[in-house]
Amino acid sequence: MAREFSRNQRLGNQVLRTLNELLRFETKDPRLDMVSLTSVDLSRDLSVARVTFSMLDPNGDPAPVLNGLERASGFLRGRLGREIKIRHVPELRFSHDDSAAEAQRISSLIDGALVSDQSDEPQ
């Protein structure tokens, strides 16, 4: 019977859970307080992990958070190596996931269109 998830996906999920715990409980950088890691995409050879993050404030500037994550990447990678028993710990590369801000923008456009339609209706 074939496996439902590949090793990359299973390891990616474990990396994501572990990194989120490390960010919540062990980092002291205030820039990383309102951050949630949303996904981890491991390269085929497991040498690079592309980690996407989102902020609880979707309108906030992601540059300081990205800088904080890049500065903490050595610490996170070292702790990740202790928590997950793998031979080579992947290099962490971070990118911002702006889907929450885009969803908020689309929602406000829809709300504006509904208000416009209601005001244009003859009574």
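## Close-up views of a predicted model

The structure holds 1 cavity of 30 Å³ or more. This is a predicted model, in which local features need pLDDT of at least 70, side-chain atom pairs count only at pLDDT 80 or more, and totals for chains, interfaces and linings use all residues. Residues are numbered from 1 along each chain as its sequence is written, and side-chain values use heavy atoms, with hydrogens and water left out.

View 1. The largest cavity has a volume of about 30 Å³. A cavity here is a set of points, on a 1 Å grid over the protein atoms alone, where a 1.4 Å probe fits but cannot get out. Its volume is the space filled by probe spheres set on the points, with grid points joined across faces, edges and corners. Rolling a probe the size of a water molecule over the atoms shows where empty space is left. Lining residues have an atom within 4 Å of a point. They are Ser-54, Met-55, Pro-58, His-96, Asp-97, Asp-98, Ala-100 and Ala-101. Strand S2 (48-55) and H3 each supply at least two residues of this lining. Helices (H or I, at least four residues) and strands (E, at least two) are DSSP runs, numbered from the N terminus. By type, the lining divides into 4 nonpolar, 2 polar and 2 charged residues. Ala, Val, Leu, Ile, Met, Phe, Trp, Tyr, Cys and Pro count as nonpolar, Asp, Glu, Lys and Arg as charged, and the others, Gly among them, as polar.

**View 2. A nonpolar patch on the surface.** Ile-106, Ile-110 and Leu-114 form this patch, with about 270 Å² of accessible area together. Accessible areas come from the Shrake-Rupley method with a 1.4 Å probe; for residues, only the protein chains shown count as cover. Patch residues have over 30% relative accessible area and no salt bridge; nonpolar side chains (Val, Leu, Ile, Met, Phe, Trp, Tyr) are joined within 5 Å, like charges within 9 Å. Leu-114 sits in helix H3 (residues 99-120). Leu-114 is partly exposed because its relative accessible area is 47%; buried means under 20%, exposed over 50%, and partly exposed in between (1.4 Å probe, protein chains only). Helix H3 also holds Ser-107. Ser-107 counts as partly exposed, at 36% relative accessibility. Between the C-alpha atoms of Ser-107 and Lys-85 there are 43 Å, for 22 residues in sequence.

**View 3. Glu-26 and Arg-79 across the chain.** The structure holds 4 salt bridges. Each is a side-chain nitrogen of Lys or Arg within 4 Å of a carboxyl oxygen of Asp or Glu. Glu-26 pairs with Arg-79 in one of them, the closest N and O atoms being 2.2 Å apart. This pair links distant parts of the chain, 53 residues apart: Glu-26 is in the loop between helix H1 (7-25) and S1, Arg-79 in helix H2. Glu-26 is partly exposed, at 30% relative accessible area. Arg-79 counts as buried, at 17%.

**View 4. Further salt bridges.** Asp-29 forms a salt bridge with Arg-31, with 2.8 Å between the closest N and O atoms. Asp-29 is buried, at 19% relative accessible area, whereas Arg-31 is partly exposed, at 28%. Arg-93 is bridged to Glu-91, the closest N and O atoms being 3.1 Å apart. Arg-93 is partly exposed, at 38%. Glu-91 counts as partly exposed too, at 34%. Elsewhere, salt bridges that share partners join Glu-26, Arg-79 and Glu-83 into one network.

View 5. Leu-46 lies in the loop between strand S1 (35-42) and S2. Leu-46 is not a glycine, yet has a positive phi of about 65°. Leu-46 is buried because its relative accessible area is 15%. From Leu-46 to Gln-9, 37 residues apart along the chain, the C-alpha separation is 11 Å. Asn-59 is in the loop between S2 and helix H2 (62-83). Asn-59 is exposed, at 60% relative accessible area. Asn-59 and Arg-105 are 46 residues apart in sequence, and their C-alpha atoms are 9.9 Å apart in space.

Terms used: On a 1 Å grid over the protein atoms alone, a cavity is a set of points where a 1.4 Å probe fits but cannot get out, and a pocket is an open set with protein on both sides within 12 Å along at least five of seven lines; lining residues have an atom within 4 Å of a point.
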